[in-house]
Amino acid sequence: MGDIQHSETGAPLPEASQLEGMVQDIIRQAQAQGADEVEAGVSLEAGLSVTVRLGETETLEYNRDRVLGLTVYFDKRKGSASTADFSPDGIAATVTAACDIARYTSRDEFAGLADPARLATEIPDLDLYHPWDIDAGEAIELATTCEDAARAVDPRIDNSEGGTVSSYVSLRVKGNSNGFLGAYKSSYHSTSCAVVGRQGDEMQRDYWSESARAPQDLPSPDSIGRRAGERTVRRLGTQRLSTRQAPVIIAAETAGSLFRNFIQAISGSALYRKSSFLLDHLGKPVFPDYMHIHEEPLLPRGLGSAPYDAEGVATAPRDIVSDGILQGY
């Protein structure tokens, strides 16, 4: 099997076909041990991350990760195992471990693979893979530019948590015993900076970060640094409000964390465990009638885009909330 080169993140990933055969072989091994349903996945990731703080290189990290995971079902009894050992013996031991676990777990009538009719049969090209041919020296230069721009915004910025440039590429292959087999490559690049401002005895910190699938879609590092510096300075001299009722404007970057709690509450696992405050709310109002939440997983170069989900189910655009009413879990 081909391997990921770690000298540069722009080095090519192995072809998906090299891992598809491995996934199919894992499924066959598990079935030979008695599993009536099997899903398996392999992922490879390579990356570079550099942080410059106060003009000095603070961290320089290369990573090269790989993992193989599988889940098996024996008459609705589930077992899972994973490994980073891709040798034939390592794979065989992992398959045996998953099967052994399944033999001792409790039966769950709802356990099993996704409905075959919902599995992805075509894997659209979402333009997610854009490796960045950047080496450590170039990354350090960009991170330095970003941090310098932040520190130059205002003389009250007297400390820094650093400017960071990161670049990652990955390959994921997924398959199951219902005939699904899918693979896609993706990339993720980011630039960020966080600085500290001081005014008298007051200290404030803020940051800015941008990420993209393609490096050319990232804003310039100096613009990201300036944004981080401006946000930090804006915090200086703020005052506490007395207790009151007042309209609240939530910044876009903060709003995401609020919606994250909502998404968790309508996730299948939370509903299945009956640990959600939104049980039995399908078709009921959960937001004001002006609220609309739409899922768009097939956007080209989208940071959240994917051709299928963790179970191989085909992704598709859909309304989650329409006119404030919950449309789907």
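Because the model is predicted, local features require pLDDT of at least 70 and side-chain atom pairs count only at pLDDT 80 or more, whereas totals for chains, interfaces and linings use all residues. Residues are numbered from 1 along each chain as its sequence is written, and side-chain values use heavy atoms, with hydrogens and water left out.

Helices (H or I, at least four residues) and strands (E, at least two) are taken as DSSP runs numbered from the N terminus. Helix 1, formed by residues 16–32, contains 17 residues and reaches 25 Å from its first C-alpha to its last, close to the 24 Å expected at 1.5 Å a residue, where the expected span is 1.5 Å times one less than the number of residues. Its buried residues are Ala16, Leu19, Met22, Val23, Ile26, Ile27 and Ala30. These residues lie on the same side of helix 1 because they cover an arc of only 140 degrees around the axis, the arc being that of the directions from the helix axis to the C-beta atoms. Here, buried means under 20% relative accessible area, exposed over 50%, and partly exposed in between (1.4 Å probe, protein chains only). On the other side of helix 1, Ser17 and Ala32 are exposed. The cover over the buried residues of helix 1 includes strand 1 (37–53), strand 2 (56–74), helix 2 (88–104), strand 4 (157–176) and strand 5 (181–199), with contact defined as heavy atoms within 4.5 Å. After helix 1 comes glycine 34, which has a positive phi, near 110 degrees.

A salt bridge is defined as a side-chain nitrogen of Lys or Arg within 4 Å of a carboxyl oxygen of Asp or Glu, and by this rule the count comes to 13 salt bridges. In helix 2, aspartate 100 and arginine 103 are three residues apart, about one turn of the helix, and they form a salt bridge in which the closest N and O atoms are 3.0 Å apart. Aspartate 100 is partly exposed, at 36% relative accessible area, and arginine 103 is partly exposed with a value of 36%. A further salt bridge joins the side chains of aspartate 154 and arginine 156 (2.9 Å, N to O); aspartate 154 is buried at 16% relative accessibility, whereas arginine 156 is partly exposed at 29%.

The side chains of arginine 301 and aspartate 217 also meet in a salt bridge, at 2.8 Å from N to O. Arginine 301 lies in the loop between strand 7 and strand 8 (318–322), and aspartate 217 in the loop between strand 6 (202–212) and helix 4 (221–235), so the pair ties together parts that are 84 residues apart in sequence.

Val248, Ile250 and Leu258 make a nonpolar surface patch of about 300 Å². Patches consist of residues with over 30% relative accessible area and no salt bridge, like charges being joined within 9 Å and nonpolar side chains (Val, Leu, Ile, Met, Phe, Trp, Tyr) within 5 Å. Leucine 258 belongs to helix 5 (residues 252–265) and is partly exposed at 47% relative accessibility.

Proline 288 is located in the loop between helix 6 (268–272) and strand 7 (293–295). Not counting residues up to four places away in sequence, proline 288 touches Asp323 and Gly324.

How values were computed:
Areas by Shrake-Rupley, 256 points an atom, 1.4 Å probe, with all protein chains shown as cover.
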